[in-house]
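Hi,

Here is the structure I promised to pass on.

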Amino acid sequence: MAEKNAVVVGAGFGGLTAASLLARQGFRVTVLEKNEMPGGRARVWEKDGFIFDMGPSWYLMPEVFESFFALFGRNLKDYYELVKLDPFYRVFFSPQEVVDINSDAAHNKEVFAGFEEKGGERLSSYLDMARYKYDTAMKEFMYVHYHSLKQFMNRRMVTEGLKLDLLSPLDAHVKKYFQDRRARQILEYAMVFLGNSPYNAPALYSLMSHVDFNLGVWYPWGGMGQVVRALEKLALEMGVKFHFNTPAAGIILEGNRVVGVSTPQGDFPADAVLVNADYPHAETELLPRHKQSYPRAYWQKKVIAPSMLLAYLGVGKRIDRLAHHNLYFTEVWGNHFRQIFDQPAWPEEPCYYVGCSSRTDSTVAPRGCENIFLLIPLAAGLPDDPEIREKAFTAAMDHFEELVGESIRDSLRVKRLYSLEDFSRDYNAYRGTALGLAHTLKQTAVYRPAHKSRKLQNLYYTGQYNHPGVGVPMVIISSRVVTDLMGKDLA
Ligand SMILES: Cc1cc2nc3c(=O)[nH]c(=O)nc-3n(C[C@H](O)[C@H](O)[C@H](O)COP(=O)(O)OP(=O)(O)OC[C@H]3O[C@@H](n4cnc5c(N)ncnc54)[C@H](O)[C@@H]3O)c2cc1C
(Lines give C-alpha, C1' and ligand atoms only; values in the text may rest on other atoms or scores of the structure.)
Protein backbone atom coordinates (compact mmCIF):
# COMPACT_ATOMS: atom_id res chain seq x y z
CA MET A 1 0.00 0.00 0.00
CA ALA A 2 1.33 3.47 -0.86
CA GLU A 3 1.74 5.32 2.41
CA LYS A 4 -1.52 6.96 3.42
CA ASN A 5 -2.16 9.48 6.18
CA ALA A 6 -4.30 8.33 9.06
CA VAL A 7 -5.22 10.94 11.67
CA VAL A 8 -6.29 9.60 15.06
CA VAL A 9 -8.28 11.98 17.27
CA GLY A 10 -7.61 11.23 20.94
CA ALA A 11 -4.82 9.43 22.78
CA GLY A 12 -6.82 7.32 25.21
CA PHE A 13 -6.27 3.55 25.23
CA GLY A 14 -8.36 3.47 22.04
CA GLY A 15 -6.25 6.01 20.16
CA LEU A 16 -2.91 4.71 21.42
CA THR A 17 -3.54 1.11 20.44
CA ALA A 18 -5.18 1.97 17.11
CA ALA A 19 -2.29 4.27 16.18
CA SER A 20 0.27 1.46 16.48
CA LEU A 21 -1.98 -0.98 14.66
CA LEU A 22 -2.43 1.45 11.76
CA ALA A 23 1.29 2.17 11.62
CA ARG A 24 1.87 -1.60 11.44
CA GLN A 25 -0.38 -1.69 8.38
CA GLY A 26 1.74 0.95 6.68
CA PHE A 27 -0.21 4.13 7.44
CA ARG A 28 1.62 7.35 8.31
CA VAL A 29 -0.11 8.04 11.62
CA THR A 30 -0.64 11.32 13.45
CA VAL A 31 -2.41 11.45 16.81
CA LEU A 32 -4.12 14.67 17.92
CA GLU A 33 -4.85 14.89 21.64
CA LYS A 34 -6.53 17.80 23.38
CA ASN A 35 -4.83 17.19 26.73
CA GLU A 36 -1.14 17.59 27.52
CA MET A 37 -0.48 13.88 27.96
CA PRO A 38 -1.74 10.52 26.64
CA GLY A 39 -4.02 8.12 28.50
CA GLY A 40 -7.37 9.89 28.36
CA ARG A 41 -9.41 8.70 31.30
CA ALA A 42 -6.34 6.73 32.36
CA ARG A 43 -4.13 9.80 32.84
CA VAL A 44 -1.85 10.09 35.85
CA TRP A 45 -1.87 12.92 38.42
CA GLU A 46 1.15 13.48 40.64
CA LYS A 47 1.41 15.77 43.63
CA ASP A 48 3.91 16.02 46.47
CA GLY A 49 5.24 12.52 45.89
CA PHE A 50 1.80 10.91 45.59
CA ILE A 51 1.04 9.25 42.24
CA PHE A 52 -2.59 8.65 41.29
CA ASP A 53 -3.99 6.71 38.37
CA MET A 54 -6.88 9.05 37.62
CA GLY A 55 -9.09 6.35 36.11
CA PRO A 56 -8.66 2.60 35.64
CA SER A 57 -6.78 0.68 38.29
CA TRP A 58 -7.98 -2.93 37.84
CA TYR A 59 -5.75 -4.66 35.29
CA LEU A 60 -7.98 -7.47 34.04
CA MET A 61 -7.86 -9.97 31.16
CA PRO A 62 -4.05 -9.95 30.86
CA GLU A 63 -4.19 -12.11 27.71
CA VAL A 64 -5.67 -9.17 25.77
CA PHE A 65 -2.64 -7.00 26.56
CA GLU A 66 -0.18 -9.84 25.87
CA SER A 67 -1.68 -10.68 22.52
CA PHE A 68 -1.70 -6.98 21.58
CA PHE A 69 2.06 -6.64 22.17
CA ALA A 70 2.66 -9.98 20.44
CA LEU A 71 1.13 -8.57 17.23
CA PHE A 72 4.20 -6.34 17.03
CA GLY A 73 6.60 -9.14 17.84
CA ARG A 74 7.07 -7.54 21.27
CA ASN A 75 7.04 -9.08 24.71
CA LEU A 76 4.97 -7.11 27.20
CA LYS A 77 7.52 -7.91 29.91
CA ASP A 78 9.99 -5.64 28.15
CA TYR A 79 7.61 -2.72 28.65
CA TYR A 80 6.24 -3.13 32.19
CA GLU A 81 6.21 -5.58 35.07
CA LEU A 82 3.01 -7.30 36.15
CA VAL A 83 2.28 -8.68 39.60
CA LYS A 84 -0.72 -10.74 40.63
CA LEU A 85 -2.48 -9.12 43.57
CA ASP A 86 -3.09 -10.95 46.82
CA PRO A 87 -5.85 -10.56 47.76
CA PHE A 88 -7.46 -9.67 44.45
CA TYR A 89 -9.80 -7.42 46.44
CA ARG A 90 -11.35 -6.91 49.86
CA VAL A 91 -15.08 -6.50 50.42
CA PHE A 92 -16.43 -4.58 53.40
CA PHE A 93 -20.06 -5.26 54.26
CA SER A 94 -19.67 -3.46 57.61
CA PRO A 95 -16.74 -2.62 59.93
CA GLN A 96 -17.10 -6.11 61.40
CA GLU A 97 -17.78 -8.11 58.27
CA VAL A 98 -14.92 -8.13 55.81
CA VAL A 99 -13.98 -10.83 53.27
CA ASP A 100 -11.10 -11.21 50.84
CA ILE A 101 -11.31 -12.78 47.38
CA ASN A 102 -7.99 -14.19 46.22
CA SER A 103 -6.37 -16.67 43.85
CA ASP A 104 -7.04 -19.65 46.11
CA ALA A 105 -10.24 -21.31 44.84
CA ALA A 106 -10.67 -23.27 48.08
CA HIS A 107 -10.53 -20.05 50.11
CA ASN A 108 -13.13 -18.37 47.89
CA LYS A 109 -15.41 -21.42 48.20
CA GLU A 110 -15.12 -21.18 51.96
CA VAL A 111 -16.10 -17.51 51.84
CA PHE A 112 -19.23 -18.38 49.87
CA ALA A 113 -19.98 -21.39 52.09
CA GLY A 114 -20.01 -18.89 54.98
CA PHE A 115 -22.75 -16.94 53.19
CA GLU A 116 -25.17 -19.80 52.65
CA GLU A 117 -25.51 -23.57 52.71
CA LYS A 118 -23.79 -25.21 49.71
CA GLY A 119 -22.43 -21.76 48.80
CA GLY A 120 -19.00 -23.24 48.00
CA GLU A 121 -20.34 -25.81 45.52
CA ARG A 122 -22.62 -23.23 43.96
CA LEU A 123 -19.72 -20.86 43.47
CA SER A 124 -17.85 -23.60 41.58
CA SER A 125 -20.73 -24.26 39.22
CA TYR A 126 -21.37 -20.53 38.76
CA LEU A 127 -17.73 -20.03 37.82
CA ASP A 128 -17.79 -23.02 35.44
CA MET A 129 -20.66 -21.36 33.61
CA ALA A 130 -18.84 -17.99 33.67
CA ARG A 131 -15.74 -19.64 32.17
CA TYR A 132 -17.80 -21.18 29.36
CA LYS A 133 -19.38 -17.80 28.57
CA TYR A 134 -16.04 -16.02 28.61
CA ASP A 135 -14.34 -18.58 26.35
CA THR A 136 -17.24 -18.56 23.90
CA ALA A 137 -17.55 -14.78 23.87
CA MET A 138 -13.80 -14.35 23.29
CA LYS A 139 -13.78 -16.94 20.53
CA GLU A 140 -16.99 -16.04 18.74
CA PHE A 141 -18.17 -12.54 19.52
CA MET A 142 -15.58 -10.12 20.86
CA TYR A 143 -13.18 -9.67 17.96
CA VAL A 144 -15.96 -9.27 15.40
CA HIS A 145 -16.93 -6.24 13.37
CA TYR A 146 -20.73 -6.06 13.55
CA HIS A 147 -22.12 -4.16 10.61
CA SER A 148 -25.71 -5.30 10.21
CA LEU A 149 -28.49 -6.87 12.21
CA LYS A 150 -28.69 -9.69 9.67
CA GLN A 151 -25.03 -10.57 10.16
CA PHE A 152 -25.46 -10.39 13.98
CA MET A 153 -28.62 -12.50 14.06
CA ASN A 154 -27.15 -15.55 12.32
CA ARG A 155 -28.00 -19.06 13.44
CA ARG A 156 -24.80 -19.46 15.43
CA MET A 157 -25.39 -16.20 17.26
CA VAL A 158 -28.94 -17.22 18.10
CA THR A 159 -27.99 -20.65 19.45
CA GLU A 160 -24.83 -19.49 21.24
CA GLY A 161 -26.50 -16.24 22.31
CA LEU A 162 -29.24 -18.21 24.06
CA LYS A 163 -26.67 -20.42 25.77
CA LEU A 164 -24.81 -17.31 26.83
CA ASP A 165 -27.97 -15.95 28.46
CA LEU A 166 -28.09 -12.85 26.37
CA LEU A 167 -31.72 -12.24 27.12
CA SER A 168 -32.20 -12.54 30.90
CA PRO A 169 -30.95 -9.96 33.41
CA LEU A 170 -27.83 -10.74 35.41
CA ASP A 171 -29.54 -10.29 38.78
CA ALA A 172 -32.14 -12.96 37.94
CA HIS A 173 -29.39 -15.31 36.75
CA VAL A 174 -27.35 -14.91 39.94
CA LYS A 175 -30.47 -15.47 42.05
CA LYS A 176 -30.77 -18.95 40.53
CA TYR A 177 -27.55 -19.81 42.33
CA PHE A 178 -27.54 -17.63 45.45
CA GLN A 179 -30.12 -16.22 47.84
CA ASP A 180 -27.60 -14.51 50.10
CA ARG A 181 -27.25 -10.79 49.46
CA ARG A 182 -23.48 -10.74 50.03
CA ALA A 183 -22.82 -13.56 47.57
CA ARG A 184 -24.94 -11.82 44.96
CA GLN A 185 -23.22 -8.50 45.49
CA ILE A 186 -19.76 -9.99 44.96
CA LEU A 187 -20.92 -11.62 41.73
CA GLU A 188 -22.72 -8.53 40.44
CA TYR A 189 -20.59 -5.52 41.47
CA ALA A 190 -18.53 -5.59 38.28
CA MET A 191 -21.57 -4.34 36.37
CA VAL A 192 -20.92 -0.86 37.71
CA PHE A 193 -17.56 -0.95 35.94
CA LEU A 194 -19.42 -1.77 32.73
CA GLY A 195 -21.62 1.24 33.34
CA ASN A 196 -24.61 -0.90 34.22
CA SER A 197 -26.91 -2.07 36.93
CA PRO A 198 -27.25 -5.85 37.49
CA TYR A 199 -30.99 -5.39 36.97
CA ASN A 200 -30.62 -4.39 33.32
CA ALA A 201 -27.31 -6.03 32.32
CA PRO A 202 -27.67 -9.23 30.27
CA ALA A 203 -26.70 -12.36 32.24
CA LEU A 204 -23.97 -12.84 29.62
CA TYR A 205 -21.90 -10.53 31.79
CA SER A 206 -21.61 -13.13 34.53
CA LEU A 207 -18.48 -13.88 32.46
CA MET A 208 -16.95 -11.01 34.46
CA SER A 209 -16.75 -13.37 37.46
CA HIS A 210 -14.48 -15.63 35.43
CA VAL A 211 -12.39 -12.54 34.75
CA ASP A 212 -11.83 -11.57 38.38
CA PHE A 213 -12.01 -14.99 40.16
CA ASN A 214 -10.18 -17.17 37.64
CA LEU A 215 -8.04 -14.95 35.43
CA GLY A 216 -7.14 -12.80 38.41
CA VAL A 217 -6.56 -9.16 39.24
CA TRP A 218 -3.10 -7.90 38.24
CA TYR A 219 -1.09 -4.79 38.85
CA PRO A 220 1.38 -3.12 36.47
CA TRP A 221 4.25 -2.00 38.70
CA GLY A 222 4.16 1.80 39.03
CA GLY A 223 0.43 1.86 38.21
CA MET A 224 -1.81 1.82 35.14
CA GLY A 225 0.07 4.90 33.95
CA GLN A 226 2.93 2.54 33.10
CA VAL A 227 0.71 0.76 30.59
CA VAL A 228 -0.13 4.09 28.97
CA ARG A 229 3.59 4.94 28.80
CA ALA A 230 4.32 1.53 27.31
CA LEU A 231 1.71 2.00 24.61
CA GLU A 232 3.00 5.47 23.82
CA LYS A 233 6.55 4.05 23.59
CA LEU A 234 5.41 1.29 21.26
CA ALA A 235 3.59 3.83 19.09
CA LEU A 236 6.70 6.01 18.88
CA GLU A 237 8.75 2.95 17.93
CA MET A 238 6.22 2.34 15.16
CA GLY A 239 6.77 5.89 13.87
CA VAL A 240 3.54 7.47 15.14
CA LYS A 241 3.65 11.26 15.61
CA PHE A 242 1.86 12.80 18.60
CA HIS A 243 0.53 16.33 18.95
CA PHE A 244 -0.61 17.12 22.49
CA ASN A 245 -2.64 20.20 23.49
CA THR A 246 -4.11 19.92 20.00
CA PRO A 247 -7.90 19.54 20.13
CA ALA A 248 -9.76 18.60 16.96
CA ALA A 249 -12.13 21.47 16.19
CA GLY A 250 -13.76 19.94 13.11
CA ILE A 251 -13.52 17.12 10.60
CA ILE A 252 -12.85 18.48 7.12
CA LEU A 253 -15.04 17.04 4.36
CA GLU A 254 -15.16 16.83 0.60
CA GLY A 255 -18.46 15.30 -0.43
CA ASN A 256 -18.78 11.95 1.33
CA ARG A 257 -15.13 11.74 2.25
CA VAL A 258 -13.11 13.13 5.13
CA VAL A 259 -9.91 14.82 4.01
CA GLY A 260 -8.52 16.11 7.26
CA VAL A 261 -8.97 17.43 10.77
CA SER A 262 -8.88 21.09 11.74
CA THR A 263 -7.35 22.25 15.01
CA PRO A 264 -6.42 25.65 16.46
CA GLN A 265 -2.82 24.74 15.48
CA GLY A 266 -3.75 24.19 11.83
CA ASP A 267 -5.22 21.52 9.56
CA PHE A 268 -3.99 17.92 9.38
CA PRO A 269 -4.70 16.26 6.01
CA ALA A 270 -5.93 12.66 6.13
CA ASP A 271 -6.80 9.76 3.88
CA ALA A 272 -8.72 8.32 6.83
CA VAL A 273 -9.72 9.63 10.25
CA LEU A 274 -10.15 7.42 13.29
CA VAL A 275 -11.88 9.07 16.24
CA ASN A 276 -11.15 7.93 19.77
CA ALA A 277 -12.65 11.05 21.40
CA ASP A 278 -16.10 10.60 22.97
CA TYR A 279 -18.42 9.50 20.19
CA PRO A 280 -21.29 11.92 20.90
CA HIS A 281 -18.85 14.86 20.98
CA ALA A 282 -17.30 13.87 17.65
CA GLU A 283 -20.60 13.27 15.88
CA THR A 284 -22.49 16.30 17.16
CA GLU A 285 -19.66 18.83 17.49
CA LEU A 286 -17.07 17.94 14.85
CA LEU A 287 -19.45 17.13 11.96
CA PRO A 288 -22.25 19.09 10.28
CA ARG A 289 -25.75 17.82 11.08
CA HIS A 290 -26.34 16.14 7.68
CA LYS A 291 -23.16 14.04 8.03
CA GLN A 292 -23.91 12.80 11.55
CA SER A 293 -24.76 9.09 11.73
CA TYR A 294 -25.85 9.59 15.34
CA PRO A 295 -27.27 13.06 15.93
CA ARG A 296 -28.15 14.52 19.32
CA ALA A 297 -31.58 12.85 19.40
CA TYR A 298 -29.91 9.41 19.24
CA TRP A 299 -27.79 10.04 22.32
CA GLN A 300 -30.71 11.51 24.23
CA LYS A 301 -32.50 8.16 23.98
CA LYS A 302 -29.55 6.04 25.09
CA VAL A 303 -28.77 4.69 28.54
CA ILE A 304 -25.68 6.68 29.39
CA ALA A 305 -23.21 4.98 31.74
CA PRO A 306 -22.55 6.55 35.13
CA SER A 307 -20.36 9.45 35.98
CA MET A 308 -18.45 9.38 39.26
CA LEU A 309 -17.30 11.41 42.22
CA LEU A 310 -13.59 10.68 42.56
CA ALA A 311 -11.34 11.76 45.41
CA TYR A 312 -7.54 11.56 45.14
CA LEU A 313 -6.19 11.63 48.68
CA GLY A 314 -2.58 11.66 49.81
CA VAL A 315 -2.59 10.40 53.39
CA GLY A 316 0.36 10.87 55.75
CA LYS A 317 0.11 7.49 57.44
CA ARG A 318 -0.45 3.80 56.71
CA ILE A 319 -3.99 2.38 56.82
CA ASP A 320 -3.54 -1.29 57.53
CA ARG A 321 -7.15 -2.35 57.19
CA LEU A 322 -7.06 -1.54 53.49
CA ALA A 323 -6.05 -3.90 50.70
CA HIS A 324 -5.02 -2.66 47.25
CA HIS A 325 -8.63 -2.86 45.98
CA ASN A 326 -11.51 -2.41 48.42
CA LEU A 327 -15.24 -2.43 47.83
CA TYR A 328 -18.01 -1.39 50.18
CA PHE A 329 -21.57 -2.60 49.54
CA THR A 330 -24.56 -1.16 51.41
CA GLU A 331 -27.21 -3.55 52.64
CA VAL A 332 -29.82 -2.13 50.26
CA TRP A 333 -27.80 -1.37 47.17
CA GLY A 334 -30.88 -1.21 44.93
CA ASN A 335 -31.41 2.39 46.14
CA HIS A 336 -28.01 3.42 44.87
CA PHE A 337 -28.64 1.82 41.47
CA ARG A 338 -32.04 3.55 41.32
CA GLN A 339 -30.34 6.89 41.92
CA ILE A 340 -27.86 6.16 39.14
CA PHE A 341 -30.26 4.87 36.47
CA ASP A 342 -33.93 5.51 37.25
CA GLN A 343 -34.28 8.58 39.48
CA PRO A 344 -31.01 10.45 39.02
CA ALA A 345 -29.78 12.06 42.24
CA TRP A 346 -26.61 12.33 44.28
CA PRO A 347 -26.78 9.10 46.31
CA GLU A 348 -27.68 9.20 49.99
CA GLU A 349 -26.23 5.82 50.91
CA PRO A 350 -23.68 4.96 48.22
CA CYS A 351 -21.66 1.84 47.59
CA TYR A 352 -18.08 2.81 46.82
CA TYR A 353 -14.67 1.61 45.73
CA VAL A 354 -11.42 2.55 47.43
CA GLY A 355 -8.14 1.97 45.63
CA CYS A 356 -4.86 2.12 47.50
CA SER A 357 -2.02 0.99 45.23
CA SER A 358 0.54 2.08 47.85
CA ARG A 359 -0.49 -1.07 49.78
CA THR A 360 1.37 -3.01 47.05
CA ASP A 361 3.77 -0.51 45.55
CA SER A 362 6.04 1.73 47.61
CA THR A 363 6.90 3.88 44.56
CA VAL A 364 3.48 5.57 44.36
CA ALA A 365 3.46 7.40 47.71
CA PRO A 366 6.07 8.88 50.06
CA ARG A 367 7.42 6.48 52.70
CA GLY A 368 4.85 5.69 55.40
CA CYS A 369 1.99 7.22 53.35
CA GLU A 370 -0.95 5.98 51.27
CA ASN A 371 -2.44 7.18 47.95
CA ILE A 372 -6.18 6.70 48.34
CA PHE A 373 -8.58 6.80 45.41
CA LEU A 374 -12.26 6.95 46.36
CA LEU A 375 -14.85 6.28 43.65
CA ILE A 376 -18.60 6.76 44.02
CA PRO A 377 -20.68 6.01 40.90
CA LEU A 378 -23.22 8.74 40.06
CA ALA A 379 -25.87 9.31 37.41
CA ALA A 380 -24.58 11.11 34.32
CA GLY A 381 -26.05 14.57 33.82
CA LEU A 382 -26.44 15.45 37.51
CA PRO A 383 -25.84 19.02 38.67
CA ASP A 384 -22.28 19.40 39.89
CA ASP A 385 -20.65 22.20 41.88
CA PRO A 386 -18.00 22.41 44.62
CA GLU A 387 -20.59 22.52 47.39
CA ILE A 388 -22.47 19.38 46.26
CA ARG A 389 -19.19 17.48 45.81
CA GLU A 390 -17.88 18.50 49.20
CA LYS A 391 -21.10 17.44 50.89
CA ALA A 392 -21.02 14.03 49.20
CA PHE A 393 -17.32 13.65 49.98
CA THR A 394 -17.85 14.48 53.67
CA ALA A 395 -20.69 11.97 53.98
CA ALA A 396 -18.63 9.26 52.24
CA MET A 397 -15.57 9.94 54.40
CA ASP A 398 -17.64 9.87 57.63
CA HIS A 399 -18.74 6.42 56.56
CA PHE A 400 -15.36 5.23 55.28
CA GLU A 401 -13.49 6.30 58.42
CA GLU A 402 -15.96 4.30 60.50
CA LEU A 403 -15.46 1.33 58.21
CA VAL A 404 -11.67 1.32 58.64
CA GLY A 405 -11.85 2.43 62.29
CA GLU A 406 -9.62 5.49 62.08
CA SER A 407 -9.55 9.09 60.93
CA ILE A 408 -8.09 9.73 57.49
CA ARG A 409 -8.96 13.39 57.07
CA ASP A 410 -6.74 14.25 60.08
CA SER A 411 -3.71 13.11 58.07
CA LEU A 412 -4.58 14.48 54.63
CA ARG A 413 -1.65 15.97 52.70
CA VAL A 414 -3.22 16.03 49.26
CA LYS A 415 -6.85 16.23 48.24
CA ARG A 416 -8.48 16.65 44.85
CA LEU A 417 -12.13 16.01 43.97
CA TYR A 418 -13.06 15.17 40.39
CA SER A 419 -16.54 14.74 38.95
CA LEU A 420 -19.04 15.40 36.16
CA GLU A 421 -17.86 18.87 35.17
CA ASP A 422 -14.25 17.66 34.98
CA PHE A 423 -15.16 14.71 32.73
CA SER A 424 -16.99 17.12 30.41
CA ARG A 425 -14.20 19.70 30.36
CA ASP A 426 -11.24 17.30 30.16
CA TYR A 427 -12.64 14.69 27.75
CA ASN A 428 -15.65 16.34 26.08
CA ALA A 429 -17.72 13.68 27.83
CA TYR A 430 -21.43 13.68 27.09
CA ARG A 431 -23.36 14.62 30.25
CA GLY A 432 -20.18 14.15 32.25
CA THR A 433 -20.18 10.37 31.79
CA ALA A 434 -17.12 8.49 33.02
CA LEU A 435 -17.82 5.32 31.06
CA GLY A 436 -19.72 6.21 27.89
CA LEU A 437 -22.62 3.95 27.00
CA ALA A 438 -24.11 1.43 29.43
CA HIS A 439 -24.10 -2.26 28.46
CA THR A 440 -27.81 -2.94 28.34
CA LEU A 441 -29.02 -5.65 25.96
CA LYS A 442 -30.09 -2.96 23.49
CA GLN A 443 -26.62 -1.44 23.69
CA THR A 444 -24.61 -4.62 23.14
CA ALA A 445 -22.65 -5.77 20.03
CA VAL A 446 -24.40 -4.62 16.83
CA TYR A 447 -26.55 -2.28 18.93
CA ARG A 448 -23.57 -0.18 19.99
CA PRO A 449 -22.61 2.77 17.76
CA ALA A 450 -20.81 1.48 14.67
CA HIS A 451 -17.05 1.43 14.18
CA LYS A 452 -17.56 3.07 10.80
CA SER A 453 -19.53 6.20 9.96
CA ARG A 454 -22.72 5.46 8.06
CA LYS A 455 -22.46 8.75 6.17
CA LEU A 456 -18.77 9.22 5.45
CA GLN A 457 -16.65 6.68 3.60
CA ASN A 458 -13.41 6.97 5.53
CA LEU A 459 -14.38 8.01 9.07
CA TYR A 460 -14.01 5.42 11.84
CA TYR A 461 -14.39 5.19 15.62
CA THR A 462 -12.74 3.29 18.43
CA GLY A 463 -13.15 3.33 22.20
CA GLN A 464 -15.50 2.53 25.01
CA TYR A 465 -18.66 3.59 23.09
CA ASN A 466 -18.06 0.94 20.42
CA HIS A 467 -18.34 -2.83 20.54
CA PRO A 468 -17.20 -4.65 22.66
CA GLY A 469 -17.47 -1.77 25.13
CA VAL A 470 -16.30 -0.31 28.40
CA GLY A 471 -13.00 -1.13 30.11
CA VAL A 472 -9.39 -1.09 29.00
CA PRO A 473 -9.23 -4.62 27.52
CA MET A 474 -12.49 -3.99 25.63
CA VAL A 475 -11.14 -0.78 24.17
CA ILE A 476 -8.00 -2.57 22.97
CA ILE A 477 -10.21 -5.15 21.24
CA SER A 478 -12.26 -2.32 19.71
CA SER A 479 -9.09 -0.90 18.16
CA ARG A 480 -8.16 -4.28 16.75
CA VAL A 481 -11.59 -4.69 15.19
CA VAL A 482 -11.72 -1.24 13.62
CA THR A 483 -8.14 -1.20 12.32
CA ASP A 484 -8.69 -4.60 10.66
CA LEU A 485 -11.69 -3.08 8.97
CA MET A 486 -9.74 0.01 7.91
CA GLY A 487 -6.98 -2.15 6.51
CA LYS A 488 -9.50 -3.99 4.32
CA ASP A 489 -11.43 -0.85 3.32
CA LEU A 490 -8.44 1.25 2.42
CA ALA A 491 -6.01 -1.27 1.00
C1 LIG B 1 -12.53 6.46 37.24
C2 LIG B 1 -12.54 5.32 36.27
C3 LIG B 1 -12.17 4.06 36.69
C4 LIG B 1 -12.12 3.01 35.78
N5 LIG B 1 -11.68 1.79 36.21
C6 LIG B 1 -11.40 0.84 35.30
C7 LIG B 1 -10.65 -0.30 35.67
O8 LIG B 1 -10.27 -0.45 36.84
N9 LIG B 1 -10.33 -1.22 34.71
C10 LIG B 1 -10.71 -1.05 33.40
O11 LIG B 1 -10.39 -1.90 32.56
N12 LIG B 1 -11.43 0.03 33.01
C13 LIG B 1 -11.75 0.99 33.92
N14 LIG B 1 -12.38 2.13 33.54
C15 LIG B 1 -12.84 2.27 32.15
C16 LIG B 1 -11.70 2.61 31.21
O17 LIG B 1 -10.84 3.52 31.82
C18 LIG B 1 -12.22 3.20 29.94
O19 LIG B 1 -13.19 2.34 29.36
C20 LIG B 1 -11.12 3.45 28.89
O21 LIG B 1 -9.97 4.01 29.48
C22 LIG B 1 -11.67 4.36 27.82
O23 LIG B 1 -10.70 4.56 26.83
P24 LIG B 1 -11.04 5.34 25.49
O25 LIG B 1 -9.82 5.34 24.68
O26 LIG B 1 -12.30 4.80 24.90
O27 LIG B 1 -11.47 6.83 25.95
P28 LIG B 1 -10.65 7.98 26.67
O29 LIG B 1 -9.71 7.46 27.66
O30 LIG B 1 -11.64 8.97 27.15
O31 LIG B 1 -9.80 8.64 25.49
C32 LIG B 1 -10.35 9.58 24.60
C33 LIG B 1 -9.32 10.66 24.35
O34 LIG B 1 -9.85 11.60 23.39
C35 LIG B 1 -9.43 12.92 23.79
N36 LIG B 1 -10.31 13.90 23.16
C37 LIG B 1 -11.60 14.22 23.43
N38 LIG B 1 -12.04 15.18 22.60
C39 LIG B 1 -11.00 15.48 21.77
C40 LIG B 1 -10.84 16.40 20.70
N41 LIG B 1 -11.83 17.20 20.25
N42 LIG B 1 -9.62 16.46 20.08
C43 LIG B 1 -8.58 15.68 20.49
N44 LIG B 1 -8.69 14.79 21.51
C45 LIG B 1 -9.90 14.69 22.13
C46 LIG B 1 -9.56 12.87 25.29
O47 LIG B 1 -8.83 13.91 25.90
C48 LIG B 1 -9.00 11.48 25.60
O49 LIG B 1 -7.61 11.53 25.77
C50 LIG B 1 -12.48 3.22 34.43
C51 LIG B 1 -12.87 4.49 34.01
C52 LIG B 1 -12.89 5.54 34.91
C53 LIG B 1 -13.28 6.90 34.43
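The buried residues of α16 pack against β14 (307-315) and β18 (412-418). This is a predicted model, in which local features need pLDDT of at least 70, side-chain atom pairs count only at pLDDT 80 or more, and totals for chains, interfaces and linings use all residues. Residues are numbered from 1 along each chain as its sequence is written.

Helix α16 covers residues 420-427, and its buried residues are Leu 420, Asp 422, Phe 423 and Tyr 427 (buried: 20 or more other C-beta atoms within 10 Å of the residue's own, with C-beta placed from the backbone). Down the axis of α16 they fall within an arc of 165°, so they line one face of the helix (the arc is that of the directions from the helix axis to the C-beta atoms). After α16 comes Asn 428, with a positive phi near 55°. Helices (H or I, at least four residues) and strands (E, at least two) are DSSP runs, numbered from the N terminus.

Now the ligand: 39 residues surround it, and Gly 10, Gly 12, Gly 14, Gly 40 and Gly 463 are the closest (the criterion is a C-beta atom, placed from the backbone, within 6 Å). β14 turns up here too, as one of the elements giving two or more residues to this shell, while α1 gives the most, with 3 residues.

On domains, the assignment gives domain 1 (5-43 + 61-78 + 222-302 + 438-490), domain 2 (104-215) and domain 3 (304-427), with bounds from an automatic or database domain assignment. The ligand shell draws at least three residues from each of domain 1 and domain 3.

Cheers

Technical notes. A residue is buried if 20 or more other C-beta atoms lie within 10 Å of its own, exposed if 12 or fewer, and partly exposed in between; C-beta atoms are placed from the backbone. Two residues are in contact if their C-beta atoms, placed from the backbone, lie within 7 Å.
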